[in-house]
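Reader: Before I plan anything around this protein, could you take me through what its model shows, one question at a time?

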Amino acid sequence: MDDVKPATSATGAEPSDKVVRSETEWRSCLTPAQFHVLRQQGTERAFTGPYWDEKRKGVYSCAACGAPLFRSDAKYDSGTGWPSFFAPVSPDAVVTHEDVSHGMRRIEVRCARCDGHLGHVFPDGPAPTGLRFCMNGTALDLALDHGGAGDGA
């Protein structure tokens, strides 16, 4: 991502690792489906996107900026048709916002680095967190752990 423009900190003194691009720049580096989900808050249909039934071990990153978001160790089969995780790789990997679109009240999950829409989080997940991060597979890339095989969810 050599052409990424870093954002400045609140003081303006030094750049952060935030990714800031124009709509034209995002359109040029994302597929139409990725642009729809990540930049226009779209949602792929259940059981149609990548990774909803993925079992291999690795790290799921943002398809827009490459920031690590989730590990396969936190992935589980929620039965919803979207990749679901009970926790991000770190608390600061994602940010959440209230979403009142489509006549519903939900908590939207975005990539903390580029502000790309990932999905929503619900309070009906498994232990240890009780959370279900229900993500659009189109918004994710999977980097397989060495060997690429495994029996993760």
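Author: Gladly, with the caution that this is a predicted model.

Reader: Where does Pro88 sit, and is Pro88 buried or exposed?

Author: Pro88 belongs to the loop between strand E6 (84-85) and strand E7 (94-99). Its relative accessible area is 19%, and because the cut-off for a buried residue is under 20%, Pro88 counts as buried.

Reader: Turning to charges, how many salt bridges does the structure hold?

Author: Side chains of opposite charge can pair when their charged atoms come close. The criterion applied here asks for a side-chain nitrogen of Lys or Arg within 4 Å of a carboxyl oxygen of Asp or Glu. By that criterion the number of salt bridges in the structure is 10.

Reader: What is the distance between the closest N and O atoms of Lys57 and Asp73, and which parts of the chain does the pair link?

Author: The closest N and O atoms of Lys57 and Asp73 are 3.6 Å apart, and the two residues form a salt bridge. This pair links distant parts of the chain, 16 residues apart. Both partners are partly exposed, Lys57 with a relative accessible area of 24% and Asp73 at 49%. As for the parts linked, Lys57 lies in the loop between helix H2 (32-40) and strand E3 (58-62), and Asp73 in the loop between strand E4 (68-71) and strand E5 (75-76).

Reader: How many residues apart are Arg71 and Asp145, whose side chains meet in a salt bridge?

Author: The N to O distance in the salt bridge of Arg71 with Asp145 is 2.9 Å. Arg71 is in strand E4 and Asp145 in the segment after strand E11 (140-144), so the pair links distant parts of the chain, with a separation of 74 residues.

Reader: Glu98 forms a salt bridge with Arg105; which residues do salt bridges that share partners join into one network?

Author: In the pair of Glu98 and Arg105, the closest N and O atoms are 2.3 Å apart; Glu98 is partly exposed at 48% relative accessibility, whereas Arg105 is exposed at 69%. The network joined by salt bridges with shared partners consists of Lys57, Arg71, Asp73 and Asp145.

Reader: How many aromatic pairs are there, and is the pair of Phe70 and Phe85 stacked or edge-to-face?

Author: The count of aromatic pairs comes to 5. For Phe70 and Phe85, the ring centres are 4.4 Å apart and the planes lie at 15 degrees. Phe70 is in strand E4 and Phe85 in strand E6, 15 residues apart, and both are buried, Phe70 with a relative accessible area of 0% and Phe85 at 0% as well. Because planes under 30 degrees apart meet the cut-off, the pair of Phe70 and Phe85 is stacked.

Methods. Residues are numbered from 1 along each chain as its sequence is written. This is a predicted model: local features need pLDDT of at least 70, side-chain atom pairs count only at pLDDT 80 or more; totals for chains, interfaces and linings use all residues. Side-chain values use heavy atoms; hydrogens and water are left out. Helices (H or I, at least four residues) and strands (E, at least two) are DSSP runs, numbered from the N terminus. Buried means under 20% relative accessible area, exposed over 50%, partly exposed in between (1.4 Å probe, protein chains only). Rings of Phe, Tyr and Trp (its six-membered ring) pair if their centres lie within 6.5 Å; planes under 30 degrees apart count as stacked, over 60 as edge-to-face and the rest as tilted.
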